[in-house]
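User: I would like to go through this model term by term, asking each time what a label rests on. Please set each value against its definition before you conclude.

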Amino acid sequence: MVASALLLSMTIALIPSAARGVLPAAAQQITAVAHPRIALDTTSLASLRQRAQANDPAWTALKQKCEGYVLGTVEWPDGNADPGGNNIGSGYQGEDYFPAITNLGLCYRVAQTVDPARAPAYGAKGVEVLVHMSAPAGDPHAPDPLYDDGYGIRFYGVGMAIGFDWLYDALAPADRTRVYTAVDRWVDAYEAGGYGLDHPQGNYYAGYYATKAVAALATEGDDPRAPAQWTDFLDRVHGQVIQPYYAANLTGGGWPEGQNYGPLATFNMTLPVLAAKTAKGIDLVNAAAPYKFPSGMASWYMYNVWPSLQRVDDRGTMRVLGEPAPASVKLVTQLAGMLPTWSDPLAPAFHRFARDVRAANPGATPAAALWSDFLFWDPAAPEADYKTSPLASFAPGMEMGSVRSSWETGAVWGSLNAGPYTGNPDNSEQLFDAGSLAVARGNRPFLVNATGQLFRGSVKPDDFVYNDNFGSSSTRGLYNVFLTDTPTPTGQTTQTRADGSRTKMGAFDQTADYAFMRASQLEDMYPRGSAAKTISSWSRDVVYLRPNLFVVYDRTTTTSPSVGQTMRFHFAGTPARVADPSTGVSRYDIGSGTTYAGSVSSLLPAGHTEQVTPTIFGGSDVSRIDVKPGPAAADNRWLTVVDAAAAPGDAAQATRLSVADGNVLAGAVTGTFLQSSGGNYAVLNGTAAAGTTVSTPIRYHLPAGNTRSIVTDLAPNTTYAVTTTADATGVIVEITAGSGPRTSAAGVLSFTGGPPAGDTCQTSPGGGAFVAKAFPAQSGSFAASWNVTPGTAAVDGAVGLSKGSATKWSDLAAIVRFGPDGTVDARNGSTYPVSSVHYQAGIAYKVRVQVDVAAHTYSAWLQPPGGAEVVVAQGYQFRTEQQAVTSLDNSMVVSDGGQLQACTFTVS
């Protein structure tokens, strides 16, 4: 850690001051406004008083709590820490003083005009708490600021600073001096010997960061040290340490230590931003060197709270038995209240998200958070629909990807940690799971972070988790990662970017129907200690096929074939071996009946075996499947299908695709064919090292039917020609260089090929060719649909309905066009109204029309695979030339540009 800290300080020193977030002297010298100035200003206080006057339920609850405090007593820090009832004790290291002082302080400020007769009582009790918290050095009651290495600064320091500001009018001059002197003592002590001072990321440092800023702002005008402390905060603590480190390592949010420490630490890393704005009008978020962590955390919570809205990603250190990682209603509420302060564009959508989280967790606001609930939750704040947001998100600081099937509460969700160590290596609270994937459905865990799921059992697993991570015989084996049996101790270490770790999300690709994530250079997280490395390379590719399929492809190389190798996965539920879906593929269902969580199939390495541990710790439901390779080899390819199906019968049947299996006919690729009630998929990856472009031609054989293919490791942003040829047992798909669907920036090609068994598709090769399919004449209202695959991203073709077989565009009555500009539009009389609906080459879209022949109108919708329908036309008129037609009897496909194929035509 000494080397890491030294490298960190050297890196910071080399960053120009402007880039490090150091604000100009003029900003540092802005005078603070009158009290209250911390998280409150004239506008917000007036709004709170107006809500209180209207008997807002949050105010009623807060006021009732304050009335109880008035009747109780206050204990000294060395007294009864938990006196119960209306009495106030310190709790652990000031943990219970903090809500008492914030509840009373806010009651006092609001009641000054709303209930002036009661305000003095709240103020007096608040002052009493402050006096007890601020016992001076040498006083027998005084707390030791370095007890537990300064842990208490997060409660004593921040609490006294806020209390000083909110209760300022109630404090006698001598008490003001007493309080700011006590706060200064806490700051000085931490700066002299507090834990984590040499690393800017951690829950200890977060308490110091908040205290340093808020105390300087709160006590300006009273404490002679305040101006210098504020300048030191802006220039050194924030500008030279926090802003550059968080920009490099926590962009996009996340808290490496996990969500046991995360909510309070995040609040403490955000409170100075709010305080700077309310006290001095300084915007740290949108500064020249912006501090985007608060905004990133809002986005991170939106994407990493489980679909149920009741749990949050449970990586990192957990402590609480029963539910270790509940969705933090308190912090989500605080962020919802703070975002508008710096005009965050996410604010309206996040407020709606926070409303849903609050509704999903009734009664989750304890008495300790009443002040926060009233201060930060504005029921009338502007809102927007967050459910229109993308279904995947990437936090580049921690290198963490999150995906979901939808924004509904029963959706499938997954997260992949692809980054190095970004927390404080000295405390190791981040744990050791680089490359680990977790999957849940709704509120049901499936592929789990064992260090979190173990705490949902009936027996506290603290010693078990600690010993496996840090004990004398630890394996660090509680993660869904690659492990070797040498060197010992096994498992990952705390390699950071400063230590030279290159571990990262090498690719992140998101579309409406799939997401692709690649965790690269994971080998840099091994080994522990000074032993020689045995893992030369490890990369993990995850192709997520909405709604429930995760195809996990690992490429590993060890220094010797003799090194023992394991690909490890942990699940919530007992694995039961079921019938093999195909040769060489083993499948396990996790749980059964009402406890069924999903299914997992192992396909590679060829000849693999599995070692199943039904329960890794008594009293828990955490199981383990260790996949072992067959013949000894230094290079291995591992393929696993993780299926969060709703029921065993819905799980996909997996078949291996490879040269050895005889269904890959050309090209250095391997993968799987997945057959399920939700559709058929083929996923292929290169067999060479990650990042190696696969040469064409690629040729593989699939069973008959319409199959969506996802092929990775191709040249990025490049078009490929795709052909499908039927044979006696299915179709041969061939990918060659040429015109056709285009790969993504990550080199992923996605297309649909092969008609459903028994279906005759209508395919227009382009050049103005019309292809007809007759159906029984319809003269009233009816519906029709096609599965339409455009061959290029500018195909300039259409599907439509006509009377008789059309030979020209004007013969078509209802027209849904895949335009030359990449949008899908529809004909309305004589024009095509502008559309914002886009399409991609090679993807099969469902096109549905609802037609009223008598009225000569129709509506149309487009649905991407795995996505929701979007409106293309609503009540449009038939094409002008066809507004006298009395019936329709032909499905038409036409293209003036590239190939357009329509399959599975139906009329109802």
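**Labels and what they rest on**

Analyst: Aspartate 149 has its place in the loop between helix H6 (119-133) and helix H7 (156-166), where helices (H or I, at least four residues) and strands (E, at least two) are DSSP runs numbered from the N terminus. This is a predicted model, in which local features need pLDDT of at least 70 and side-chain atom pairs count only at pLDDT 80 or more, while totals for chains, interfaces and linings use all residues. Residues are numbered from 1 along each chain as its sequence is written, and side-chain values use heavy atoms, with hydrogens and water left out.

User: Why does aspartate 149 count as partly exposed?

Analyst: Buried means under 20% relative accessible area, exposed means over 50%, and partly exposed lies in between, with a 1.4 Å probe and protein chains only. Aspartate 149 has a relative accessibility of 39%, and therefore counts as partly exposed. Most residues other than glycine have a negative phi, and most peptide bonds are trans.

User: What is the phi of asparagine 717, and what makes it partly exposed?

Analyst: Asparagine 717 has a positive phi of about 50° although it is not a glycine, and it is found in the loop between strand S23 (707-711) and strand S24 (719-726). Its relative accessible area is 46%, so asparagine 717 is partly exposed.

User: Which peptide bonds into proline 527 and proline 697 are concerned when you speak of cis?

Analyst: The bond from tyrosine 526 to proline 527 is cis, with omega near -10°, and proline 527 belongs to the loop between strand S8 (514-520) and strand S9 (535-545). Threonine 696 and proline 697 are likewise joined by a cis peptide bond, with omega about 10°, and proline 697 is in the loop between strand S21 (679-686) and strand S22 (698-703).

User: Why is strand S20 described as largely enclosed, and how many bridges join it to S18 and to S21?

Analyst: Seven of the eight residues of strand S20 (residues 669-676) are buried, so the strand is largely enclosed by the rest of the structure. Two strands pair if DSSP finds at least two bridges between them; strand S18 (residues 653-657) and S20 run antiparallel with five bridges, and S20 and S21 run antiparallel with eight, so both meet the rule. Threonine 655 has phenylalanine 673 in S20 as its bridge partner, leucine 674 stands opposite tyrosine 681 in S21, and a hairpin of two residues joins S20 to S21.

User: What makes S28 and S32 edge strands?

Analyst: The open sheet of five strands has the order S28-S36-S30-S31-S32, with antiparallel pairing. Strand S28 (769-778) and strand S32 (824-826) each have a single partner strand, so one side of each is left without a neighbour in the sheet. The pairing of strand S31 (residues 812-818) with S32 is antiparallel and rests on three bridges, and valine 816 has alanine 826 in S32 as its bridge partner.

User: How do you know what is a pocket and what is a cavity?

Analyst: On a 1 Å grid over the protein atoms alone, a cavity is a set of points where a 1.4 Å probe fits but cannot get out, whereas a pocket is an open set with protein on both sides within 12 Å along at least five of seven lines, and lining residues have an atom within 4 Å of a point. The largest pocket holds about 1200 Å³, a volume being the space filled by probe spheres set on grid points joined across faces, edges and corners. Its lining has 46 residues, of which Glu95, Leu264, Lys330, Pro366 and Ala368 lie nearest the centre, and H11 gives the largest share, five residues.

User: How many cavities are there by this rule, and what lines the largest cavity?

Analyst: The count comes to seven cavities of 30 Å³ or more. The largest cavity has about 110 Å³ of space and is lined by 13 residues, with Trp255, Pro256, Asp313, Arg315 and Met398 nearest its centre. The second largest cavity has a volume of about 60 Å³, and its lining includes Tyr526 and Pro527, the two residues of the cis bond described above.
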